[in-house]
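Please open the model in your viewer and keep the selection tool at hand. The tour below goes from one selection to the next.

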Amino acid sequence: MYSLRQYLLTLEDPHGLTRTLGEAELCRDGRGRPLYSTGNSAAVFRIRRGGKTYALRCYFRPMRRLAAIYGERYLPRELYLYTTPEAGEWVDAVLCDWVEGETLHAALARAAEAGDGERLAQLSEAFDRLALELVTDNRAHGDLKPENLIVTPEGALVPIDSDASYRPEFAGETSPEIGTAAYQHPNRTAQHFDASLDDYPAALIATALHALRLDPTLHARYPGDGLLFAPQRIAADPALREVLDLFERRGMAAEYRLARLLLSPTLRLPGLPELLRRLTAPEEAPAETPELFVENGLWGYHCGRRRTIAPLYDEGFDFTEGLAAVRLGRTWHFIDTAGRTVLNCPHCEAVKPFRNGRAQVIRAGRRTEIDRCGRELDI
């Protein structure tokens, strides 16, 4: 085991104590203090070398698989640490480019506190794009959380701390870590080590960001170790119930189904890539009128063999006059042929398709009619 003090002793005066880095210079704050952060397994120092800034990862204990994960950024036996005043040993390190920006954790906390829904929407969109990349390749970050994502000045999200990553060459091995509990599936163990490791945290963070862009006050009302939700008690989590209700009322079908994936009994989340694709690239209206189909108990719409609206709804009617009545959870809505919710029907027990610009609805046991703006009409 190695200590932060040992690394600081070496890096404060690195002459003769590095193998390839030379006399790398520690970056310091305005008061002259070294800039670094610490985690469970490593300290990350901000250093300057050759006029460029880097992140130097220094480990508190020997780590496996660093060469496979980091490639040429892995520096074996790079730093000499004193274990006694007269003796020491050479230890490994990892040198990465410094990513300028702030963590997603800090960015979303500030935006939520300011009630900045527009900024939260930008962060949500950026995360959806990154999450889609992460869950559709054959690798996994392994400890996906807002603290391990840097928001660049351009608005992109860059993952950091890949020590717990999965790579195809690790198949059949056990995980060196099981990630941060506040973002991991409650059933995850060291035996779960494959490309699906990012599924659950991706769904959790994406769901939270979509909810926060609608209601930033959720951040203050549901504090905790993670972001809104508590995976260990997810089935009874009041935050998840409120978020599901929020998406249901607004007819946000993809977000609603994404949130329901957090109740999955398995780490692998079937349908997650399709939901993220819909969120990052909404469907366009087809030239012809889509027809109903059902898949795995959910209703969607297709034109021939092409699915134009994913099966996201609990019940649905055919399109009439360009709109279709669909039920999401307990709430009825009308969508257009691109799958956009254009009319919400809260507290309606039943609805009928539009005919001649009017649709019958039953609300509080009373039958009435509404127009295409949702206004109640005389029968």
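**The largest pocket**

The lining of the largest pocket has 17 nonpolar, 13 polar and 16 charged residues. Here Ala, Val, Leu, Ile, Met, Phe, Trp, Tyr, Cys and Pro count as nonpolar, Asp, Glu, Lys and Arg as charged, and the others, Gly among them, as polar. This is a predicted model, in which local features need pLDDT of at least 70 and side-chain atom pairs count only at pLDDT 80 or more, while totals for chains, interfaces and linings use all residues. Residues are numbered from 1 along each chain as its sequence is written, and side-chain values use heavy atoms, with hydrogens and water left out.

Select Arg-57, Asn-148, Ile-160, Asp-161 and Ser-162: of the 46 lining residues, these lie nearest the centre of the largest pocket. Elements giving two or more residues to this lining include β3 (42-49), β4 (52-59), β6 (88-97) and α4 (117-135). Helices (H or I, at least four residues) and strands (E, at least two) are DSSP runs, numbered from the N terminus. The space in the largest pocket is about 1,200 Å³. A pocket is an open set of points on a 1 Å grid over the protein atoms alone, where a 1.4 Å probe fits, with protein on both sides within 12 Å along at least five of seven lines; lining residues have an atom within 4 Å of a point. A volume is the space filled by probe spheres set on the points, which are joined across faces, edges and corners.

**The second largest pocket**

Next select Gly-271, Glu-274, Leu-275, Pro-311 and Leu-312, which lie nearest the centre of the second largest pocket among its 17 lining residues. Its lining takes two or more residues from each of α8, α9 and β12. The volume is about 570 Å³, and the lining divides into 7 nonpolar, 2 polar and 8 charged residues.

**Helix α8**

Now select residues 253-260, helix α8. Why is α8 largely enclosed by the rest of the structure? The reason is that 7 of its 8 residues are buried, meaning under 20% relative accessible area (1.4 Å probe, protein chains only). What covers the buried residues includes α5, α7, α9 (272-280) and β12 (306-313), by contact, that is, heavy atoms within 4.5 Å.

**Helices α5 and α7**

Finally, select residues 199-214 (α5) and 238-250 (α7). Thr-207, His-210, Ala-211 and Leu-214 in α5 meet Val-243, Leu-246, Phe-247 and Arg-250 in α7. The residues of this contact are 5 nonpolar, 2 polar and 1 charged.

Key. Axes fitted to C-alpha atoms, helices over the stretch in contact; angles between N-to-C directions. Buried < 20%, exposed > 50% of the residue type's maximum accessible area, 1.4 Å probe, protein only.
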